[in-house]
Amino acid sequence: MRSLILLVEDHVDSREMLEEFLTLEGFAVEVAGNGLHAWERLRRQPLPDVMLLDLMMPVMSGWELMERVQKEPRLKNLPVIVVSGAGATRPVPQGIRASIPKPLDLDDLMRALEPFRSQSELAAAY
């Protein structure tokens, strides 16, 4: 079974590129265009195995989404990887596993996602 990533990114081109890349890498990917869409998705089962989160987004920012996630007991342990250029302007939120700056280095992203690959995905990648 493929690991499920929730990709939260407001920039359409970036979101589409990352979704395609991650799918080719063997992940199942669901997308959200802002924090509110991600919050709505997180209220349903199954939960993603990991969330990739941009911080600077309209409607609900990544910081606001993480405040909600940290207050929700069933989401508190959700692995979150921030993918954003905002870390230099404002600290990344609490509760994240890793932070990867934009412009995104895909090798850095794959290293951060390595713990979320299933054994079958690892075998398929080689």
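Which loop holds Pro46? A few friendly notes follow, starting there.

1. Pro46 sits in the loop between α2 (35-42) and β3 (50-53); helices (H or I, at least four residues) and strands (E, at least two) are DSSP runs, numbered from the N terminus. The Gln45 to Pro46 peptide bond is cis, with omega near -10°.

2. This is a predicted model, where local features need pLDDT of at least 70, side-chain atom pairs count only at pLDDT 80 or more, and totals for chains, interfaces and linings use all residues. Residues are numbered from 1 along each chain as its sequence is written, and side-chain values use heavy atoms, with hydrogens and water left out.

3. Another cis peptide bond runs from Lys102 to Pro103, with omega near 5°. Pro103 belongs to the loop between β5 (98-101) and α4.

4. Val59 has a phi near 70°, a positive value in a residue other than glycine. Its place is the loop between β3 and α3 (62-71). Most residues other than glycine have a negative phi, and most peptide bonds are trans.

5. Strands β1 (residues 4-8) and β2 (residues 28-32) run parallel and are joined by five bridges; strands pair if DSSP finds at least two bridges between them. Leu4 has Ala28 as its bridge partner in β2.

6. The axes (lines fitted to C-alpha atoms over the stretch in contact, with angles from 0 to 180 degrees between N-to-C directions) of α1 (residues 12-24) and α4 (residues 106-113) come within 12 Å and cross at roughly 55°. The contact (heavy atoms within 4.5 Å) involves Leu18, Phe21 and Leu22 of α1 with Leu106, Leu109, Met110 and Leu113 of α4.
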